[in-house]
Amino acid sequence: MFTRNSGLGLVAALALAAAPVAAPAATFINILTGGTSGVYYPLGVGLSKIYSEHIDGVKVQVQSTKASVENLNLLQQGRGELAFALGDSVKLAWEGDAEAGFKKKLDKLRGIAAIYPNYIQIVASKDSGIKTLADLKGKRVSVGAPKSGTELNARKIFEAAGMSYKDLGKVEYLPFGESVELIKNRQLDATLQSAGLGVASIKDLASSVPITVVSVPAEVAEKLGAPYIAEDIPAGTYDGQSAAVPTVAVVNFLVTREGVSDDIAYQMTKDLFDNLSTLEAAHKAAARIKLANAIKGMPIPLHPGAEKFYKEQGIMK
């Protein structure tokens with residue numbers, strides 16, 4: 001016999017049958033980058049497109065940050081899955097160097113890949129008369145955002161050159177874009193920026209006012225030692241730069257964390273190297289990323305997912 005209750009039961013059963021099956025929860029990949037006028041951000045956008053197209057069931061977002069130090073702290077807190085960071089910052093994070101901005105050892109960090117070198121690019125307005133590191137004494141200089149990887153680089157370089165912030169006329173702790181605007185407005189003489197070659201902020205400055213790319217002697221790199229190396233900024237990198245300029249470089253790393261699945265870490269690593277041409281279209285700094293160099297100088301343990309990929313490629317035994 002069909003009763004009111006049995007009718008309600010039938011309606012409920014039909015409703016359940018018609019309801020869509022719940023899809024598995026999406027995997028999120030939050031990519032921690034840097035300021036929008038730097039190199040990390042466009043490369044992060046490039047990676048987000050690659051991962052969205054090649055990793056099933058992921059939602060990818062790109063977060064603009066104060067770069068290396070903030071990125072590594074956010075990873076430790078579980079607030080990101082992939083981050084760009086300078087090699088010296090990664091090393092200091094693993095050691096728990098409080099002065100560098102790490103209150104304790106960031107033991108959840110795991111390596112994905114060594115990527116391209118950051119060049120320490122010290123650029124001054126031609127009007128300032130600055131040509132050498134020593135000429136920065138008494139001048140108004142931006143050394144990067146507070147406790148950023150760039151600012152850590154600045155401290156180390158001045159120290160190796162026998163200088164300190166006290167030698168400068170005025171020290172500003174500003175991101176790349178803001179530093180450039182102040183130079184344009186004659187409120188700042190020079191900026192130190194740790195970035196890939198052809199960084200948008202310096203290109204913008206060089207197209208607006210005459211600049212001098214300041215040389216950093218090779219002996220500074222020698223005194224600093226690893227992970228710093230001596231490199232040249234090739235002639236023509238920026239408008240008005242007619243000759244190669246010696247400087248110091250430090251390798252960047254892509255870093256993930258404990259808790260990111262082996263499958264996702266494997267795919268992030270594989271898709272990075274399978275799509276380098278796409279990444280180079282996002283920024284030419286990616287042209288320096290080589291599989292053969294992927295684990296060189298890695299200051300933290302590799303993620304097991306990345307390790308699996310490198311073993312498949314014969315980079316590791």
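User: Buried means under 20% relative accessible area, exposed over 50% and partly exposed in between, with a 1.4 Å probe and protein chains only. Which residues of helix 4 (residues 87-95) are buried?

Analyst: This is a predicted model, in which local features need pLDDT of at least 70, side-chain atom pairs count only at pLDDT 80 or more, and totals for chains, interfaces and linings use all residues. Residues are numbered from 1 along each chain as its sequence is written, and side-chain values use heavy atoms, with hydrogens and water left out. Helices (H or I, at least four residues) and strands (E, at least two) are DSSP runs, numbered from the N terminus. In helix 4 the buried residues are Gly-87, Asp-88, Ser-89, Val-90, Leu-92 and Ala-93.

User: Which residues of helix 2 and helix 9 make their contact?

Analyst: Helix 2 (residues 40-54) and helix 9 (residues 262-274) pack at an angle of about 115°, with their axes 10 Å apart, so the two helices are roughly perpendicular. Ala, Val, Leu, Ile, Met, Phe, Trp, Tyr, Cys and Pro count as nonpolar, Asp, Glu, Lys and Arg as charged, and the others, Gly among them, as polar. The contact is made by Leu-47, Ile-50, Tyr-51 and His-54 of helix 2 with, in helix 9, Gln-267, Met-268, Asp-271 and Leu-272. By class, these residues divide into 5 nonpolar, 2 polar and 1 charged, and those from helix 9 are Gln-267, Met-268, Asp-271 and Leu-272, those from helix 2 Leu-47, Ile-50, Tyr-51 and His-54.

User: Which residues touch the most other members of the largest nonpolar core?

Analyst: A nonpolar core is a set of buried Ala, Val, Leu, Ile, Met, Phe, Trp, Tyr and Cys residues joined through side-chain atoms within 4.5 Å. Leaving aside residues up to four places away in sequence, Leu-136 touches Ile-122, Ile-130, Val-141, Phe-158, Met-163, Leu-168 and Ala-190. Of the 101 residues in the largest core, those that touch the most other members are Tyr-51 and Leu-136.

User: Is Arg-186 buried or exposed?

Analyst: Arg-186 lies in the loop between helix 6 (176-184) and strand 7 (190-195), and its phi is positive, about 60°, although it is not a glycine. Most residues other than glycine have a negative phi. Ala-67 also has a positive phi, of about 80°, but counts as buried because its relative accessibility is 16%. At 61% relative accessibility, Arg-186 counts as exposed.

Notes
Contact = heavy atoms within 4.5 Å. Axes fitted to C-alpha atoms, helices over the stretch in contact; angles between N-to-C directions. Parallel < 35°, antiparallel > 145°, perpendicular 65-115°, else oblique.
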